[in-house]
Amino acid sequence: MSRSVNVGVIGTGGMGGRHASNLTYMVAAAEVTAIMDVDSKRAEEIAARCGGAIIYNEAEQLISSPEVDAVVIAAPNRFHAELTRACIAAGKPVLCEKPLATDGVEARGVIDAEVAGGRRLVQVGLMRQFDPAHVAVKRVSDSGAQGNALVFRSVHINPSSDEVPSLGDVITGSLIHDIHSARWMMGDEIVRVHTSFIPFSSDRPDSARYVMVQLEFANGALGGLECNADAGYGYEIEVSITGETGVVRSSPLQSPVVRHSNASGQWVEEDWLQRFNEAYIIEVQAWVQSILDGEATGPSAWDGYVSILAADACIESGERGQPVSLDLPGKPELYG
Ligand code: ISE
């Protein structure tokens with residue numbers, strides 16, 4: 001492989017378009033050489049923006065193309081697992097947007113394929129791991145300066161929802177990030193969850209406007225995750241870890257504080273593309289570097305799999321109105 005990574009991007013709406021731009025303009029040693037999107041107009045626009053990438057009509061053609069060293073999968077969720085397995089079969093590193101699959105069975109198929117190949121090729125887009133604010137909170141907690149970590153908390157505010165989301169949509173689409181943050185930042189596994197939620201209306205009891213999940217970790221620590229699916233004012237994420245002698249908490253807003261006309265205020269980000277702008281660049285830069293180094297880093301397929309198992313348990317708990325315990329399968333050696 002040359003010292004620049006040729007990347008093919010499958011799915012260029014929202015996240016795929018952002019990854020394609022970041023890889024082209026913000027990241028060293030990467031070039032977007034191929035695009036696949038069912039929307040041909042969008043494929044042409046993004047290909048032109050990336051300096052004339054080849055457009056493929058089929059994802060499989062892109063994956064097997066000699067012009068492609070590595071693949072970004074940002075197609076709809078239902079295609080994630082199958083396309084990731086195709087990349088593993090082709091021996092190509094892949095950055096798959098979250099969730100890795102639509103359920104635990106599909107995700108297990110990815111794990112089995114990667115383990116059978118004997119080499120880590122998959123990074124999952126659980127990108128909080130690259131967000132400087134999350135990293136800073138973890139660093140303070142890990143330093144031991146406030147004793148052992150007792151409680152993890154995350155508050156996830158979405159501005160609005162295009163469609164009325166179900167409990168499953170909120171947990172698999174949004175809270176899955178916080179599930180991963182909880183595991184990664186506490187360095188421990190979630191063993192029990194208890195979900196409560198408020199639906200949008202009484203005639204849509206399956207919908208979820210506000211979701212709260214209580215967590216128990218293997219070592220006895222606790223956690224709380226909250227997601228407001230329709231806050232109506234902007235996008236915010238706040239994480240904190242309470243230790244034995246203190247608490248470390250991210251600043252909810254990154255913007256400067258402005259005082260004017262006897263008032264003080266802060267601008268609230270519109271959405272996650274604004275809030276995590278820097279994290280997305282760091283994420284793809286780290287992914288490209290890991291390919292050049294020949295050593296996968298970042299959230300693994302195992303992280304993607306375990307997050308889905310935990311998400312499924314949170315959904316089951318919310319539906320049954322009872323706590324649900326998780327019995328995690330043994331971790332294959334490939335994942336350390
Ligand atoms: C979105 O898909 C994301 O990945 C964002 O990070 C998350 O905060 C948002 O809730 C999701 O809808």
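Colleague: Is His 180 buried or exposed?

Modeller: Buried, because its relative accessibility is 2%. Buried means under 20% relative accessible area, exposed over 50%, partly exposed in between, with a 1.4 Å probe and protein chains only. Keep in mind that this is a predicted model: local features need pLDDT of at least 70, side-chain atom pairs count only at pLDDT 80 or more, and totals for chains, interfaces and linings use all residues. Residues are numbered from 1 along each chain as its sequence is written, and side-chain values use heavy atoms, with hydrogens and water left out.

Colleague: Which helix is His 180 in?

Modeller: His 180 is in α7, residues 167-186. Helices are DSSP runs of H or I, at least four residues, and strands are runs of E, at least two, numbered from the N terminus.

Colleague: And what does His 180 touch?

Modeller: Leu 126, Gln 129, Pro 299, Asp 303 and Ser 307, leaving out residues up to four places away in sequence. Contact means heavy atoms within 4.5 Å.

Colleague: Switching to rings. How many aromatic pairs are there?

Modeller: Four in the whole structure. Rings of Phe, Tyr and Trp (its six-membered ring) pair if their centres lie within 6.5 Å; planes under 30 degrees apart are stacked, over 60 edge-to-face, the rest tilted. One of the pairs is Tyr 235 with Phe 276, edge-to-face at 6.2 Å centre to centre and 80° between planes.

Colleague: How many residues apart are Tyr 235 and Phe 276?

Modeller: 41. Tyr 235 sits in the loop between β10 and β11, Phe 276 in the loop between α8 and α9. Both are buried. Ring pairs join Tyr 235, Trp 272 and Phe 276 into a cluster.
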